[in-house]
Amino acid sequence: MSADPIKIVEVGPRDGLQNEKSIIPTETKIAFVDALSSSGLTEIEVSSFVSPKWVPQLADALEVFRGITRVPGVVYSALVPNEVGLDRAIEAKVDKFSVFTAASETFSQKNVGASIAETIKRFRPVLQRSPVPVRGYVSTAFYCPYEGKIEPNAVVPVIEDLLDIGCVEISIGDTIGKAIPEEVTRLLEVTLDICPVEKIAMHFHDTFGNAIANSSASERMGVRVFDSSAGGIGGCPFAPGATGNVSTTALVRLFEGRTGISLEKLEEAAKIVRPFLTR
Ligand code: HMG
Ligand code: MG
């Protein structure tokens, strides 16, 4: 393995908490983000400016952003699905936005009530008006909970569209954690023909225990940015069977000496939310 630095994007406060049944108090979320901020992480996905009707757990996104203590050098990001979300995220002074779409039409409909093409249309004004850099997520890049296997030729055009509208980073999501390393390598081989590896992040869920092997396979292909959640919490409410993200601790251990993240501080942060988790 090379010794290049690895960047971990901590998505626990957003992807980790969005699927929790019990509502976690706003002050607990703030304490969680603040604890993560002192662990050496340089990017934390704090919440989502999505519809509170669709994801009630993250309805307090603005309050969480107002309550956290921002550490210089740490980027505090959030999901933004449309212009309504954009206005809310601007008000919250979010450092980086993430638009999100999918490689499966059925998942896109279930997740945001729109086709993939419609999501890209919604994102254009978001990108045009965004005062900060924007990441683009492609969910169900390997498997869809409704359509099954998704081939790379369905993923690549979505990545091209996200780059075309100005996304500075593409996060490729194994939403239901079903991919195996060979599939990861195959998708990256074709993706790297149209997208520089520096712009790629991998977003693995660990449903079948393959996330670490998949992270290693991605690293061998040159990827240096990985999404994960402290304590491996999480899952998407619109993807039946999706369990937690790969654990940040597991990635810090896999990429030992390359992340700058303290395992002790991570554990302290995870302890803050653990008592509130039902799963
Ligand atoms: P919609 O209901 O189709 O929206 O939702 P609409 O445009 O028809 O508006 C209906 C009402 O919602 C209106 O209010 C809007 O103002 C309001 P009303 O006039 O009825 O009073 N509204 C909003 N309110 C607050 N914030 C907003 C917003 N937008 C509209 N942003 C929408 C469309 C996209 C908003 C909805 O489908 C939604 O919020 N979906 C949430 C999906 C979600 O959060 N999924 C989980 C994240 S994705 C994921 O987990 C995968 C990932 O981790 C990667 C991976 O693992 O693969 C990223
Ligand atoms: Mg996810």
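I started with Gly85: one of its polar backbone atoms sits 3.3 Å from a nitrogen atom of ligand 1. I'm calling N or O pairs within 3.5 Å polar contacts. This is a predicted model, where local features need pLDDT of at least 70, side-chain atom pairs need 80 or more, and totals for chains, interfaces and linings use all residues. Residues are numbered from 1 along each chain, chains are lettered from A and ligands numbered from 1 as written, and side-chain values use heavy atoms, without hydrogens or water.

Next I looked up Val50, and a backbone N or O atom there is also 3.3 Å from a nitrogen of ligand 1. Asn111 uses a polar side-chain atom, 2.8 Å from a ligand nitrogen. On its own, ligand 1 has 1,100 Å² of accessible area (Shrake-Rupley, 1.4 Å probe), and the protein covers 72% of that.

Then I turned to two helices (DSSP runs of H or I, at least four residues). H2 (residues 26-37) and H11 (residues 263-273) pack at about 175°, axes 8 Å apart; axes are lines fitted to C-alpha atoms over the stretch in contact, with angles from 0 to 180 degrees between N-to-C directions. So H2 is roughly antiparallel to H11 (over 145 degrees).

Technical notes:
Angles under 35 degrees count as roughly parallel, over 145 as roughly antiparallel, 65 to 115 as roughly perpendicular and the rest as oblique. A polar contact is a pair of N or O atoms within 3.5 Å; within protein, one must be able to donate a hydrogen and the other to accept it, and residues adjacent in sequence count only if both atoms are side-chain atoms.
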